[in-house]
Amino acid sequence: MNQSPILVLTLLLAPITARADAEAPTPRPNIIFIMSDDHAAQAIGAYGGRLAKLNPTPTIDRLAKEGMLFENCFAGNSICTPSRATILTGQYNHINKVYDLDGRLDPAHQFLPIELKKAGYQTAVIGKWHLKSEPAAFDHYCVLSEQGEYFDPTFIVRGEKPWPQNSFKRDGEHVTDAITDLAIQWLRGQRDPSKPFFLMYHHKAPHDMFEYAPRYKDYLENVAIPEPESLWNQPQFGSIGTRGVKDELWPYIGTSIGERNAHRNYVKTFNHTGLPTPEQRKRAAYQDYMKRYLRCVKGIDDSLATFFDYLRSAGFMENTLIVYTSDQGMMLGEHDYQDKRWMYEESARMPLIIRYPKMIKHGMRTDAIIENADFAPTLLDFAGVKRPDVMQGRSVKAICETGREPADWRKSAYYRYWMHMAHHDNPAHLGLRTKDYKLIYYYGVPREGNSPHTPPAWELYDLKKDPHELVNVYDDPAYARVVVELKYGLAERRRQIGDDGRDYPAVEAVVQEFWNYDAAARAKAEQISHECLARYKAQSVSSSRQKTEQKPGRE
Ligand code: CA
């Protein structure tokens with residue numbers, strides 16, 4: 001049999017070529033992780049909700065259309081510094097020990113940039129950092145000090161002087177514009193073009209106190225921002241853990257839009273005290289708050305349009321994985337609450353959008369339960385890097401590729417807010433969120449404490465029937481079995497992730513004491529509510545006495 005020499009050569013080479021193709025590493029994507037601060041999902045058009053009709057985020061909505069939107073992504077602890085630590089470590093806060101705003105994440109524990117750097121990525125973080133330690137695991141950093149300023153912001157960079165002394169100021173600029181400009185500058189001229197890059201591009205806005213750039217002063221000026229029902233009416237919401245016995249602690253727990261919380265509310269902060277009725281004052285405070293907030297959001301969205309225009313012109317849109325998220329959500333008047341910290345939906349939910357056209361089809365959505373501990377393993381997975389054992393989360397890459405959650409995907413998100421009655425008067429709590437229900441346990445003890453400072457109590461919301469969490473059904477006999485199952489699930493999740501209370505045994509003893517919540521535990525919790533009221537009343541008398549004793553003009 002005669003074969004042409006070319007055919008013989010082709011046949012000989014074919015298996016080698018095929019094997020070489022199979023073994024050739026897939027080109028690693030560049031990764032841009034965009035994170036705003038306190039940008040709630042309900043203030044993003046693509047998430048729907050009452051604010052979507054105002055069209056606050058056309059640029060972010062387009063990103064969602066071109067990628068995948070995660071409907072059920074949750075922070076494990078809805079506050080800035082702890083959430084950032086979880087994102088960088090892939091660990092829950094009881095493992096990375098960043099429990100509160102004083103948490104440090106030392107360079108040796110900045111696992112995400114460490115692993116990507118080992119894999120050949122050039123790494124950078126630009127914008128808000130908000131962890132005390134130097135971001136030294138990154139090749140390049142240019143970050144705000146602590147919260148940073150909205151106007152004329154100062155940035156800290158690596159340099160000859162020790163952290164955090166090398167800094168420069170961007171005079172005359174709004175922080176959102178400055179951060180975007182610095183990110184583009186790095187991409188355009190400072191990075192090493194021979195390596196794939198990992199850029200964390202973190203905005204400060206729309207964090208309080210919502211100082212928008214002056215060019216947005218007329219945005220939404222003559223628009224009435226829709227109000228959530230729970231701003232006004234929610235008689236069956238909460239528990240004695242959040243309201244006290246017969247609402248006796250309602251004025252003290254959780255800062256408010258209206259004047260319910262006399263210590264901290266937006267009527268006072270935004271100076272609407274002159275209006276004649278409490279309703280008018282609350283309504284004006286809400287409108288004022290939302291306009292400030294949404295003007296900051298609009299600033300972010302416009303700035304992202306500039307940023308994406310640059311990415312398009314530089315040819316980065318195809319081979320770059322782009323993530324948009326926020327370190328947690330925010331209460332935008334729901335339940336008449338300010339701030340985040342709560343396990344309620346608007347606070348604990350994080351927006352999460354991932355765009356990577358090579359692997360993710362346009363317009364995908366998933367309701368799989370995602371936690372912020374999953375972020376680092378996911379980015380590593382897309383970069384072809386094995387998840388190190390220290391990380392606890394799980395990659396969502398397979399969900400991105402198929403649109404389906406694997407059969408063994410987790411069924412619940414775990415939550416624990418460790419701080420207690422700090423800044424915005426939120427009691428410590430933990431809980432479990434499944435697709436159908438949310439169980440919240442207010443155990444009411446500070447991390448270093450050994451007895452409840454606020455009354456322990458449980459709340460259960462049936463999210464299918466009651467998505468806005470207006471009716472606590474914990475004591476409804478129809479849900480008795482659900483309560484038992486969820487408590488079992490909560491204990492099981494705690495065991496799996498190692499939140500067994502070993503570092504704070506006195507706190508854990510309280511958690512266990514009120515776990516079953518029998519008649520004796522309820523009686524004790526009611527007693528704690530009365531004691532708590534007496535303490536807060538005494539404190540408010542002493543603080544008003546102090547104020548009258550102060551000389552005018554000191555505050
Ligand atoms: Ca935040």
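Where in the chain is the place of Asp247?

1. Basis of the model. This is a predicted model, in which local features need pLDDT of at least 70 and side-chain atom pairs count only at pLDDT 80 or more, whereas totals for chains, interfaces and linings use all residues. Residues are numbered from 1 along each chain as its sequence is written, and side-chain values use heavy atoms, with hydrogens and water left out.

2. The calcium site. The calcium ion has as its protein donors Asp37 (OD), Asp38 (OD), Cys80 (SG), Asp327 (OD), Asp327 (OD) and Gln328 (OE1), which lie 2.1 to 2.6 Å from the ion. Donors here are N, O and S atoms within 2.8 Å of the metal (3.2 Å for Na, K and Ca), and water is not among the atoms, so sites may look incomplete. Along the sequence the donor residues follow the spacing D-D-x41-C-x246-D-Q. The angles among the six donor atoms run from 53 to 164 degrees, and the site is irregular. By the rule used, four donors count as tetrahedral if all angles lie between 85 and 135 degrees; four count as square planar and six as octahedral if opposite donors are over 155 degrees apart and all others between 65 and 115; anything else is irregular.

3. The cavities. On a 1 Å grid over the protein atoms alone, a cavity is a set of points where a 1.4 Å probe fits but cannot get out, while a pocket is an open set with protein on both sides within 12 Å along at least five of seven lines; lining residues have an atom within 4 Å of a point. Grid points are joined across faces, edges and corners, and a volume is the space filled by probe spheres set on the points. Five cavities of 30 Å³ or more are counted by this rule. The largest cavity, with a volume of about 80 Å³, has a lining that includes Gly76, His94, Tyr414, Arg416 and Asp499. Two or more residues of this lining come from each of α4 (93-96) and β13 (412-417), helices (H or I, at least four residues) and strands (E, at least two) being DSSP runs numbered from the N terminus. By class, the lining of the largest cavity has three nonpolar, seven polar and two charged residues; Ala, Val, Leu, Ile, Met, Phe, Trp, Tyr, Cys and Pro count as nonpolar, Asp, Glu, Lys and Arg as charged, and the others, Gly among them, as polar. Because domain 1 (29-224 + 289-410) and domain 2 (233-287 + 414-541) both give residues to the lining, the largest cavity lies between them; the domain bounds come from an automatic or database domain assignment. The second largest cavity has a volume of about 60 Å³, and its lining divides into eight nonpolar, one polar and one charged residue. Helix α11 gives the most to this lining, with three residues.

4. The largest pocket. The largest pocket has a volume of about 630 Å³, and of the 24 residues that line it, Gly49, Glu346, Arg349, Pro467 and His468 are the closest to its centre. Its lining comprises six nonpolar, six polar and 12 charged residues. The largest pocket also lies between domain 1 and domain 2, because both give residues to its lining.

5. Backbone points to check. Asp247 is in the loop between α7 and α8 (266-269), has a positive phi near 65 degrees although it is a residue other than glycine, and is partly exposed, with a relative accessible area of 35%. Arg341, which is not a glycine, has a positive phi of about 70 degrees; Arg341 is placed in the loop between β9 (320-326) and α10 (345-348) and counts as buried because its relative accessibility is 4%. The peptide bond from Ala205 to Pro206 is cis, with omega near -5 degrees, and a cis peptide bond also joins Asp208 and Met209, with omega about 10 degrees. Pro206 lies in the loop between β8 (197-202) and α7 (240-243), and Met209 lies in the loop between β8 and α7.

Methods: Buried means under 20% relative accessible area, exposed over 50%, partly exposed in between (1.4 Å probe, protein chains only).
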